[in-house]
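Please consult the sequence and the model below.

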Amino acid sequence: MYQVEIDTLVLEEDFKYISKEDQRRILKEINYKLTTAPDKFGKPLRKSLKGLYKLPVGQYRIVYQIFKHKVLVEVIAIGFRRDLEVYKTALKRLKRCLG
C-alpha cells in the first residue's frame, strides 16, 4: 500500500473551485487507486512533466508523483480535464518544491 500526501495548495486553492460532492469523489478515487496501484491507474506524463502521472476522475484531472523507494504518492495539482492549466500549476508547484 502506498501512502498518499496531498499538497496543501491542492486543498487550499484547487478544491476552492470544486463542489463538495466532487471533492468527496476525488478523495475516494485517490484513496482507492493511488494507495493500491498508482502506476497502473494513472498515465505517465511526458516532456517537461516527465516523472509525473495523471489520473482522470470525472471532469477533473489529478497530477501526482510516485516515489517507489518511499512507497509514497504526492498529489501535486487537481484541475479540469479540459483545461491545460492544471499542468502549468503542477509544474510551478514542482519547481517550488525543488528550490
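Asp-14 has a relative accessibility of 10% and therefore counts as buried, where buried denotes under 20% relative accessible area, exposed over 50% and partly exposed in between, with a 1.4 Å probe and protein chains only. The model is predicted, so local features need pLDDT of at least 70 and side-chain atom pairs count only at pLDDT 80 or more, while totals for chains, interfaces and linings use all residues. Residues are numbered from 1 along each chain as its sequence is written, and side-chain values use heavy atoms, with hydrogens and water left out.

**Salt bridges**

Side chains of opposite charge can pair when their charged atoms come close. A salt bridge is assigned here where a side-chain nitrogen of Lys or Arg lies within 4 Å of a carboxyl oxygen of Asp or Glu.

| Pair | N to O distance |
|---|---|
| Asp-14 and Arg-93 | 2.8 Å |
| Arg-25 and Asp-22 | 3.8 Å |
| Lys-68 and Asp-39 | 3.2 Å |

The salt bridge between Asp-14 and Arg-93 links distant parts of the chain, 79 residues apart. Asp-14 lies in the loop between helix 1 (8-12) and helix 2 (20-36), and Arg-93 belongs to helix 4 (residues 85-98); helices are DSSP runs of H or I with at least four residues, strands are E runs of at least two, and both are numbered from the N terminus. Arg-93, with a relative accessible area of 5%, is also buried. Glu-13 joins Asp-14 and Arg-93 in a network of salt bridges.

Arg-25 and Asp-22 are both located in helix 2, three residues apart, which is about one turn of the helix. Arg-25 is partly exposed at 39% relative accessibility, whereas Asp-22 is buried, its relative accessible area being 15%.

Lys-68 and Asp-39, which form a salt bridge, again come from distant parts of the chain, 29 residues apart. Lys-68 occupies the loop between strand 4 (60-67) and strand 5 (72-80), and Asp-39 sits in helix 3 (residues 38-41). Asp-39 has a relative accessibility of 34% and so counts as partly exposed.

**Glu-74 and its surroundings**

Glu-74 is part of strand 5. This residue is buried, with a relative accessible area of 18%. Once neighbours within four places in sequence are set aside, the contacts of Glu-74 are Glu-5, Asp-7, Val-63, Tyr-64, Gln-65 and Phe-67, a contact being heavy atoms within 4.5 Å.
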